[in-house]
Amino acid sequence: MIRVRFAPSPTGNLHIGGGRTALFNWLYAKAKGGKFILRIEDTDLVRSKKEYLDEILDSLTWLGIGWDELYHQGERFDIYRDYANQLLSKGFAYKEGQAIIFIVQPQKLKIQDLIHGDIEFDTSLIKDQVLIKSDLSPTYNFACVVDDAAMKITHIIRGDDHISNTPKQVIIYQALGFLVPEFAHLPLILGAEGGRLSKRTGAAAISDYRNMGYLPAALVNYLLLLGWSPGGNQEIIDIKEAINKFDIRDANKTAAAFNMEKLSWINAQYLRMLEDNELLGYLKPLLLEKK
């Protein structure tokens, strides 16, 4: 069975890029009869906040993205330390004070990315990797590997900005004897003028769009088009229809540009499809907030 995961960190709100990643994971699971796992990466005990966690969960629910299983990394520290000690005992790692550091052996790695095709890495260019920090908390790459294996994740769908993490994780999979999952890296979302997405060009939280009056179905529809197309120049697509058509291998290989005008146009199409009582249901809380 296909098992995918979305792993947000509760150190900030859920933004457009994270929302799209969650959607594509959820959609792929639905399309293939699999499971969508939500894993809260709350290992940063200083920056992780309950209000951010609540916002992330509320935003996913508002978008209609439900999860089959929920985990918190902050509850799994003993598990990470056990696996780090295994690597230490096998001579794959060494200690520096309380920290445990993985020894990177030089090798050529090739992964077949489901979106980009073959990607090659030279691990001789990667320095030894910290597994457990001096405060006894796990590093991002190590915790990811342990959890993805424990949770039987078969496909890792995430942004292009994680490509550099892939070889660091694969070598740990190998050392622990874990099956390496398949990878699919989504091109990043750019601003309307082709630069980095900023608050001015659309990098707002999902909850901000909700507060601005955008409909969840419209935002989901637009996020779908930021990296995938149903074909035939179709721009308005119901989520049930999308589930029947979606395959992560069909995701675009190039970055998409966020366009507020296009989002507003799609939202207008969905507003026109609402019955009066449905429209009132969306308008009432917005109007009450402005009183």
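L219 touches I16, W62, L63, I206, Y209 and L263, residues up to four places away in sequence being left out of the count; contact here means heavy atoms within 4.5 Å. The model is a predicted one, in which local features need pLDDT of at least 70 and side-chain atom pairs count only at pLDDT 80 or more, while totals for chains, interfaces and linings use all residues. Residues are numbered from 1 along each chain as its sequence is written, and side-chain values use heavy atoms, with hydrogens and water left out.

L219 is found in helix α7; helices (H or I, at least four residues) and strands (E, at least two) are DSSP runs, numbered from the N terminus. Because its relative accessibility is 0%, L219 counts as buried, the term denoting under 20% relative accessible area, with exposed over 50% and partly exposed in between (1.4 Å probe, protein chains only). L219 and L131 lie 38 Å apart in space, C-alpha to C-alpha, and 88 residues apart in sequence.

The largest nonpolar core has 55 residues, and L219, I248 and F258 have the most contacts inside it. A nonpolar core is a set of buried Ala, Val, Leu, Ile, Met, Phe, Trp, Tyr and Cys residues joined through side-chain atoms within 4.5 Å. Helix α1 gives the most to this core, with eight residues. Another core, of 31 residues, lies apart from it and has I132, Y173, A175 and L176 among its members. In soluble globular proteins, nonpolar side chains tend to be buried together.

Three strands form an open, parallel sheet in the order β1-β2-β3, two strands being paired if DSSP finds at least two bridges between them. Strands β1 (3-6) and β3 (69-72) stand at the edges with a single partner strand each, so one side of each is left without a neighbour in the sheet. Four bridges join β1 to β2 (residues 35-40), and F6 has L38 as its bridge partner in β2. Helix α1 (residues 16-31) lies across β1 and β2 and runs at about 165° to β1; axes are lines fitted to C-alpha atoms, for helices over the stretch in contact, and angles run from 0 to 180 degrees between N-to-C directions.

In helix α2 (residues 50-63), the residues L53, E55, I56, L57, S59, L60, W62 and L63 are buried. Their cover includes β1, α1, β2, β3, α6 (206-211) and α7 (216-225). Helix α2 is followed by G64, whose phi is positive, near 90°.

Terms used. Expected span 1.5 Å × (residues − 1).
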